[in-house]
Amino acid sequence: MSRELHLAGFLIASHVTHSHAAWRHPASETDYLGPDYYRRVARTLERGKFDFLFWADLLATPVRYGNDIRVPLSSGTQASATIDPALVAASLVHATEKLGLAITKSTTYFHPYEVARIFGTLDHLSRGRAGWNVVTSLNQAEAQNFGIDDHLGHDERYERAHEFLEVAYKLWDSWERDALVQDKTSGRFADPDKVRTVDHDGTWFRSRGPLTVPHSPQSRPVIIQAGSSPIGKDFAARWAEAIFEIDPTKEGRRAYYDDVKSRASNFGRNPDELLIFPSFVPFVGETESIAREKQAYHNELADPISGLITLSVHTDHDFSQYDLDAPIEDVVVPGTQGLFDVARRLSVRDDLTLRDIGKLYAQGVLLPQFVGTAEQIADQIEEGFRGGEADGYILSAAQAPGTFHDFVDYVVPELQRRGLFRTDYTGSTLRDHLGLSAASLKPVARKQGVGV
Ligand SMILES: Cc1cc2nc3c(=O)[nH]c(=O)nc-3n(C[C@H](O)[C@H](O)[C@H](O)COP(=O)(O)O)c2cc1C
């Protein structure tokens with residue numbers, strides 16, 4: 001079969017996602033605290049035959065910029081109001097039939113037993129459509145919400161994440177697929193020879209097992225990741241089946257693609273089983289000039305300070321201390337290093353000030369904007385897909401659910417007409433949609449000497 005494009009939708013269970021202007025956009029719906037909003041987005045994406053809907057998650061109100069929560073709250077900065085994505089995803093299992101439901105859970109603030117249980121449950125309830133975005137969390141405020149004074153160091157967080165996944169895999173394997181017997185006549189419920197304790201006793205975690213949740217339809221959720229530092233990319237190369245990426249430049253996306261695929265090969269994996277999803281914000285118009293007007297209108301609503309607040313949250317570094325009209329400082333940040341490197345690269349290449357970077361961050365956290373008619377946007381997608389930058393794309397909205405409607409109504413048919421994208425689902429699980437084989441279910445051994 002020819003290689004097939006994959007598509008996903010990006011949300012936070014919140015009033016905004018990457019675009020900090022989204023909540024202010026007149027076309028945006030604001031009932032993100034209720035179930036109908038998510039139902040509308042999910043059904044639209046399922047109508048468009050998307051692979052999955054995804055929720056990012058942050059565990060603290062933004063406070064890193066100037067140690068202040070007043071400005072982020074009054075300007076509606078990313079993460080100033082969010083609800084729990086696991087429960088939102090669970091609320092959609094009846095509203096959808098095929099669409100994958102992928103949520104974020106941190107390996108830094110939870111215990112593997114709890115997380116393995118959540119994903120086992122979601123996989124059962126959705127009949128095999130669960131995905132887990134494995135994150136190591138970003139900043140000190142999140143640590144403090146969980147009663148910890150100091151956020152773990154960047155590389156230590158990844159150390160912990162490796163062991164976290166090792167324990168979670170053992171727990172998901174603690175029930176064999178056919179362990180449940182449920183024979184009412186004989187009174188035999190489960191075969192105890194097919195359910196094992198895990199007796200994990202490691203550096204970070206102890207867990208006895210077995211999981212209380214029987215073997216789930218996909219055996220475990222599809223593993224997603226978004227590490228962008230070298231150690232983060234090695235983590236993804238070992239564990240992830242899908243990886244999200246933010247890079248506004250074609251060259252950056254191509255380099256990232258090659259880098260991550262070769263890291264996966266170094267771990268002995270088939271690089272085709274690690275799908276790379278760059279993200280973008282689409283602006284679709286009947287004509288290119290209509291699309292450009294939509295883009296300009298949206299971008300004008302973005303507030304640079306709100307963007308710098310989020311940059312400070314993502315990098316765990318306070319950017320309020322610098323001159324807004326000077327180039328961005330070259331500092332070492334404890335939060336996400338990869339995104340900061342992208343910001344620095346852009347600032348040097350285009351001679352941008354800190355305020356300019358704040359504006360770009362508020363427009364969409366440095367995501368590229370794909371602007372034009374359905375044909376022009378399909379051209380960009382096709383070029384990236386065939387040109388070695390993507391296996392699929394993850395879309396983030398400038399206003400929701402409108403951005404998703406426009407894309408599904410205009411761009412998806414064009415992608416289908418070109419034979420790039422499915423016209424219907426051929427399987428029922430998220431692993432089916434992503435074309436992942438049973439081999440990708442097996443954990444890969446840890447490599448020594450490569451920082452992971
Ligand atoms: C596209 C993208 C999406 C991310 N989503 C989240 C998220 O929802 N929650 C979170 O805590 N971290 C998120 N992260 C952070 C990473 O998963 C990772 O833990 C962090 O970036 C630190 O690793 P790094 O320096 O390797 O990037 C995201 C990063 C990227 C690039």
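Which residue forms a salt bridge with E389? In this predicted model, where local features need pLDDT of at least 70, side-chain atom pairs count only at pLDDT 80 or more, and totals for chains, interfaces and linings use all residues, the partner is R253, with the closest N and O atoms 2.8 Å apart. Numbering runs from 1 along each chain as its sequence is written, and side-chain values use heavy atoms, with hydrogens and water left out.

A salt bridge here is a side-chain nitrogen of Lys or Arg within 4 Å of a carboxyl oxygen of Asp or Glu. E389 sits in the loop between α13 (374-386) and β13 (392-396) and R253 in helix α8 (residues 250-266), so this pair ties together parts that are 136 residues apart in sequence. Helices (H or I, at least four residues) and strands (E, at least two) are DSSP runs, numbered from the N terminus. Both E389 and R253 are buried, where buried means under 20% relative accessible area, exposed over 50%, and partly exposed in between (1.4 Å probe, protein chains only).

Counted by that rule, the model has 36 salt bridges. In another of them, D379 pairs with R418, again given by closest N and O atoms, 2.8 Å apart. D379 belongs to helix α13 and R418 to the loop between α14 (402-417) and α15 (430-434), so the bridge ties together parts that are 39 residues apart in sequence. D379 counts as partly exposed at 40% relative accessibility, and R418 is partly exposed as well, at 22%. Through shared partners, salt bridges join D379, E382, R386, E414, R417 and R418 into one network. Then there is K194 with D178, the closest N and O atoms being 3.0 Å apart. K194 is in the loop between β6 (188-190) and β7 (200-201), and D178 in the loop between α6 and β5 (180-183), so the two link parts that are 16 residues apart in sequence. Of this pair, K194 is partly exposed at 23% relative accessibility, and D178 is partly exposed at 45%.

On to the nonpolar cores, each a set of buried Ala, Val, Leu, Ile, Met, Phe, Trp, Tyr and Cys residues joined through side-chain atoms within 4.5 Å. The largest has 69 residues, and those with the most contacts inside it are L7, W55, W132, I381, F407 and L415. Helix α6 (residues 154-172) gives the most to this core, with nine residues. Leaving aside residues up to four places away in sequence, L7 touches F50, D51, F52, F277, Y393, L395, F407, V412, L415 and F421, a contact being heavy atoms within 4.5 Å.

Helix α7 (residues 230-239) is mostly covered, with nine of its 10 residues buried. Among the buried ones are K233, D234 and R238. The cover over the buried residues of α7 includes β4, α6, β9 (222-225), β10 and α8.

A pocket, on a 1 Å grid over the protein atoms alone, is an open set of points where a 1.4 Å probe fits, with protein on both sides within 12 Å along at least five of seven lines; lining residues have an atom within 4 Å of a point. Of the 47 lining residues, A226, G227, S228, T336 and L339 are the closest to the centre. Helix α11 gives the largest share of the lining, six residues.
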